[in-house]
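Dear colleague,

I am handing over the structure that we spoke about, and below it you will find notes on what turned up in it. Please read them with the model open beside you.

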Amino acid sequence: QAQLEESGGGLVQAGGSLRLSCAASGRTFSTYNMAWFRQAPGKEREFVAGILWSGIFPSYASSVKGRFTISRDNAKNTVYLQVNNLKPEDTAVYYCAVDRVRYRSPLSTRGPDYGYWGQGTQVTVSS
């Protein structure tokens with residue numbers, strides 16, 4: 001019933017920007033933390049950014065801090081990831097995820113703590 005659908009990925013040149021969206025349907029997630037993970041070719045899935053259920057205290061991986069911004073609109077049941085100044089090493093499939101429990105604090109960066117996942121959206125950055 002519940003599902004997440006990512007969109008907004010694409011092919012961009014280094015230095016470009018994209019706005020990724022994750023729309024949830026089937027149920028609301030306004031009381032759950034949400035996060036973005038990514039998986040590059042030949043690498044493990046890694047945490048990128050996360051945001052508390054309330055929309056405050058965003059967290060970022062050190063590799064993207066200052067370039068990426070996570071936000072959410074609970075009224076629209078949607079989370080966003082604004083990705084700026086993209087680098088070739090940002091090339092990956094980006095996944096949206098919802099925490100398994102409500103009101104977790106601090107935010108988890110571990111994939112197993114997230115129970116709902118989208119299908120992913122491809123971001124490719126050319127040099």
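**A buried charge and a group of rings**

E6 is buried (under 20% relative accessible area, where over 50% is exposed and in between is partly exposed, with a 1.4 Å probe and protein chains only), yet it has no salt bridge, and the nearest side chain of opposite charge, R45, is 8.0 Å away. A salt bridge here is a side-chain nitrogen of Lys or Arg within 4 Å of a carboxyl oxygen of Asp or Glu, and in assigning charge Lys and Arg count as positive, Asp and Glu as negative, while His and the chain ends are not counted.

Before going on, please keep in mind that this is a predicted model, in which local features need pLDDT of at least 70 and side-chain atom pairs count only at pLDDT 80 or more, whereas totals for chains, interfaces and linings use all residues. Residues are numbered from 1 along each chain as its sequence is written, and side-chain values use heavy atoms, with hydrogens and water left out.

What does the side chain of E6 reach? It reaches the backbone nitrogen of C96 at 2.7 Å, and also the backbone nitrogen of Q119 at 2.9 Å. E6 itself is found in strand β1, residues 3–7 (strands are DSSP runs of E, at least two residues, numbered from the N terminus).

Turning to the aromatic rings, a search of the whole structure finds 7 pairs, where rings of Phe, Tyr and Trp (its six-membered ring) pair if their centres lie within 6.5 Å, and planes under 30 degrees apart count as stacked, over 60 as edge-to-face and the rest as tilted. The rings of F37 and Y114 have centres 5.3 Å apart and planes at 75 degrees, so this pair is edge-to-face. Because F37 lies in strand β4 (residues 32–39) and Y114 in strand β10 (residues 114–117), the pair ties together parts that are 77 residues apart in sequence. F37 is buried, at 2% relative accessible area, and Y114 is buried at 1%. The rings of Y114 and W117, with centres 6.4 Å apart and planes at 70 degrees, are also edge-to-face, although W117 is partly exposed at 28%. Ring pairs link F37, F47, Y114 and W117 into a cluster.

Note on methods:
Helices (H or I, at least four residues) and strands (E, at least two) are DSSP runs, numbered from the N terminus. A polar contact is a pair of N or O atoms within 3.5 Å; within protein, one must be able to donate a hydrogen and the other to accept it, and residues adjacent in sequence count only if both atoms are side-chain atoms.
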